[in-house]
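Take a walk through this model with me. We start at an opening and then turn to the rings.

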Amino acid sequence: MRTEDFWQLIDEARAGGGGEPGPVAARAVALLAERDPEDIVGYARHQTRVLAASHKADLWGAAYLINGGASADGFEHFRGWLMTQGRAVFARAVGEPDSLAELPQVRAASLSGEEFSAEQMLAVPWDAYRKATAAELPADRDPVRVPDLNDFWDFDDEEEARRRLPRLAALFVEPPME
């Protein structure tokens, strides 16, 4: 599966999923399950590459600020939510995590405390493969390496957050008054 095909499927799922992560993931499973099993395997490989490319300390810091904390699993689930926002938002956030401060739902979350997570989006290829074949998705024989983030910064350090992610820090370190 090509990059274009991967994101096009997500866009189709977004259009039919109402924008909420659960329905987007369910629609992605349904759309993907209609394809050949090789396409589903290709989607899984591409998703793994997308997640590896987005495994960056400053994006984790952004997730931490926005969600009021983010464990390793929480960061994975945040990136699942980020996938549901589409290619342009995802790519921009990976390159410039502070750009997430421009999203209306993130701005609203600074007041509401809403957290962004879509674990179900991460399960799309496995669920689609099972639905299409009644079998488990084969293990990838050529796994993608995930960058080591043992060098990440202290996400609780407000000054460092202001330096690295000034727009998000303005929303979440000292949230705006209602």
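By class, how many residues in the lining of the largest pocket are nonpolar, polar and charged? Six are nonpolar, one is polar and three are charged. Here Ala, Val, Leu, Ile, Met, Phe, Trp, Tyr, Cys and Pro count as nonpolar, Asp, Glu, Lys and Arg as charged, and the others, Gly among them, as polar.

This is a predicted model: local features need pLDDT of at least 70, side-chain atom pairs count only at pLDDT 80 or more, and totals for chains, interfaces and linings use all residues. Residues are numbered from 1 along each chain as its sequence is written, and side-chain values use heavy atoms, without hydrogens and water.

Helix α3 (residues 37-53) gives the most to that lining, with four residues. Helices are DSSP runs (H or I, at least four residues), numbered from the N terminus.

Now the rings. The structure holds eight aromatic pairs. Rings of Phe, Tyr and Trp (its six-membered ring) pair if their centres lie within 6.5 Å; planes under 30 degrees apart count as stacked, over 60 as edge-to-face and the rest as tilted. F6 and W7 are edge-to-face, at 5.1 Å centre to centre and 90° between the planes. Both are buried, that is, under 20% relative accessible area (1.4 Å probe, protein chains only).

Why is the pair of F78 and W81 tilted? Their planes stand at 40°, with the centres 5.5 Å apart. The two are three residues apart in helix α5 (residues 72-83), so about one helical turn separates them. F78 has 0% relative accessibility, so F78 counts as buried. W81, at 3%, counts as buried too.

Key. Buried means under 20% relative accessible area, exposed over 50%, partly exposed in between (1.4 Å probe, protein chains only).
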